[in-house]
Amino acid sequence: MKAAVAGHTGVMVGFERETGEAYAVKPVLIPIEQVMLTEKNMPDEFINEAGNGITEAFKAWCRPLIGTPLRRFVSFQTKTRSCEQ
């Protein structure tokens with residue numbers, strides 16, 4: 001929003017990881033030509049064998065983004081589950 005208000009057009013906001021031991025990112029503006037009509041698929045090692053869930057490798061990769069422990073979420077089944085299960 002700040003980029004648009006500042007008059008930036010033709011860009012998308014991305015996040016660039018900063019160097020260092022602790023996980024930190026900074027917002028960066030990326031020219032739309034560098035990102036339009038592209039996609040990045042999830043690596044196979046992040047998808048379980050059944051193809052319907054995630055692996056420990058994915059949890060390790062995303063943990064800095066969402067924190068630890070992984071948050072509990074509501075299930076429409078009979079009990080509450082977490083990503084750890």
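The legends below describe close-up views of a predicted model.

**View 1. The salt bridge between K26 and E16.** Across the whole structure, a search finds two salt bridges, and one of them joins K26 to E16, whose closest N and O atoms are 3.6 Å apart. This pair links distant parts of the chain, since K26 belongs to strand β2 (residues 25-31) while E16 belongs to strand β1 (residues 11-17), and the two are 10 residues apart. K26 is partly exposed, with a relative accessible area of 35%, and E16 is likewise partly exposed, at 39%.

**View 2. The salt bridge between E56 and K59.** Here the side chains of E56 and K59 meet in a salt bridge, with a distance of 3.2 Å from N to O. Both residues lie in helix α3 (residues 56-66), where they are three residues apart, or about one turn of the helix. E56 is exposed, with a relative accessible area of 54%, whereas K59 has a relative accessibility of 4% and counts as buried, because buried means under 20%.

**View 3. A nonpolar patch on the surface.** The residues V11, V13, F15, Y23, V25, L29, W61, L65 and I66 form a nonpolar patch on the surface, and together they have about 830 Å² of accessible area. Two or more residues of the patch come from each of the elements β1, β2 and α3.

**View 4. Residue I66 within the patch.** I66, one of the residues that form the nonpolar patch, is found in helix α3. At 40% relative accessibility, I66 counts as partly exposed, because that class lies between the buried limit of 20% and the exposed limit of 50%.

Technical notes
Residues numbered from 1 in each chain as written. Predicted model: local features only at pLDDT ≥ 70, side-chain atom pairs only at ≥ 80, totals over all residues. Heavy atoms only, no water. Salt bridge = Lys/Arg side-chain N within 4 Å of Asp/Glu carboxyl O. Helix = DSSP H or I, 4+ residues; strand = E, 2+ residues; numbered from the N terminus. Buried < 20%, exposed > 50% of the residue type's maximum accessible area, 1.4 Å probe, protein only. Patch = residues over 30% accessible without salt bridge, like charges linked within 9 Å, V, L, I, M, F, W, Y side chains within 5 Å. Areas by Shrake-Rupley, 256 points an atom, 1.4 Å probe, with all protein chains shown as cover.
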